[in-house]
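Please open the model in your viewer and keep the selection panel at hand. The stops below are meant to be taken in order.

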Amino acid sequence: MKCFQYFKDKKFRLREGRSAPELKKQINSEDYSSGADRVIKSSCSATSPRGIPELYEEKAHNLRVFTFSELRQATTDFNRLLKIGEGGFGNVYKGSIKPADGKGDPIFVAIKKLNRDGLQGHKQWLAEVQFLGVVEHQNLVKLIGYCAADGARGIQRLLVYEFMPNRTLEHHLFNKAFPPLPWKTRLQITLGAAEGLAYLHQGLEVQVIYRDFKSSNVLLDENFNPKLSDFGLAREGPLADRTHVSTAVVGTYGYAAPDYVETGHLTAKSDVWSFGVVLYEILTGRRSLERNRPKAEQKLLDWVQQYPADSKKFGLIMDPRLENEYSINAARKIARLADSCLSRSAKDRPKMSEVVENLKQIMQVSDEGNPSEKSFELCEGDLDVSETKADQYGPSESWKRRMAHLAKLGEHVEGASRRRLMIMQRAKVL
Ligand SMILES: Nc1ncnc2c1ncn2[C@@H]1O[C@H](COP(=O)(O)OP(=O)(O)OP(=O)(O)O)[C@@H](O)[C@H]1O
Ligand SMILES: [Mg+2]
């Protein structure tokens, strides 16, 4: 999906001929104000003069600096067979590089190569290097290093990330070539992504506003753990005496908070809105904007409003690819959480740390609720099996087993499914 407007401000100025080792100096001297009145945003709450440049200086030595020819070699000259994606920044290739100490097996990496068309891309590249050079969290993609080469053939800007083998949340939710994501995995991804955002908002000395939260920026590792990628639009949060940062409006249609789009006033709550949008994408399996649907269904947020979380018809919005294998209670709670993230007034939206807590509770409900909610189908199947195996156990054993099973299931069953269960008990078992 296209971003709608890139940086207009002059925060990052391209200096022709700068080479990679000077990156640090460039960031320090030009890209940020002194930050003298900055306040620590983390829970340890003391004042700190440090902003991204200072933090970057402290941590950037962790990043590897690659030459262009090293990365050309890593991707067999950017072979199109190794191309794994393409975004607004440029093409992404799978490559393999030597470990930092030169020993051991090669490591797979994802290499993003900027389209060679100048300033906007360079700004994003620089933002990505400095933010990802500072942050460190299991739900944020790891930047291994970068390449900045300015030569006779123009400027080359590349980023080298840890390789994420399971593509993005977007692929798994919307691309039918991938098997549907099970409910539990959806919850796990939701929680991990929330934890990544909470860390950015509240877990660092400086607050980071991500500004481009969307399903295509949630990468998935071999165990489907989510990691946020693409920090090209990230921004430091407001200083202590400010409520917001005034910026040019950037982001992606369908995900950006309306208050931010209208005013250009950016706060962490803009990310919370985008998170709410993705929650509904996860529930429904629909994109935030789908032009090929009937008019009333094109905008996901407008459409889901007709199926409130507390209404009987709520279940109709759920992703049919889940095939009813989910907890309706948990789904309702997630929809309510999404609604609070999508409050018109930014102040009414929860903090990401609150979202995380809420999601943990919901996951408990889901774990407890799942067996019972699937129980009708399970029960029918189980009972048939019990009938056929009844002789093995003898009539009384079989009866006891069934009753124990039904009683266990009944503990969690509510409303209609409890009634259905009772009917089954009368008709088939007793
Ligand atoms: N670290 C990574 N490991 C594996 N694949 C990746 C990695 N980073 C990106 N990709 C792949 O490259 C694709 C393009 O990513 P990119 O971030 O450039 O574009 P996008 O998110 O689709 O669009 P946008 O430019 O709006 O962010 C992703 O969809 C993903 O499949
Ligand atoms: Mg992206």
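Select the shell around ligand 1 and colour it by residue class: 11 residues are nonpolar, 7 polar and 4 charged, where Ala, Val, Leu, Ile, Met, Phe, Trp, Tyr, Cys and Pro count as nonpolar, Asp, Glu, Lys and Arg as charged, and the others, Gly among them, as polar. This is a predicted model, in which local features need pLDDT of at least 70 and side-chain atom pairs count only at pLDDT 80 or more, while totals for chains, interfaces and linings use all residues. Residues are numbered from 1 along each chain as its sequence is written, and chains are lettered from A and ligands numbered from 1 in the order in which they are written.

The shell holds 22 residues, the closest being G85, G87, G88, V92 and A110; a residue is near a molecule if its C-beta atom, placed from the backbone, lies within 6 Å of it. Because domain 1 (20–39 + 49–162) and domain 2 (169–380) both contribute residues to this shell, ligand 1 lies between them, with domain bounds taken from an automatic or database domain assignment.

Next, select β2 (83–86), which gives the most to the shell, with 3 residues; strands here are DSSP runs (E, at least two residues), numbered from the N terminus.

Move on to K113 in strand β4, which is buried, with 21 C-beta neighbours inside 10 Å (the cut-off for buried is 20 or more other C-beta atoms within 10 Å, for exposed 12 or fewer, and partly exposed falls in between, with C-beta atoms placed from the backbone).

Definitions and conventions. Helices (H or I, at least four residues) and strands (E, at least two) are DSSP runs, numbered from the N terminus.
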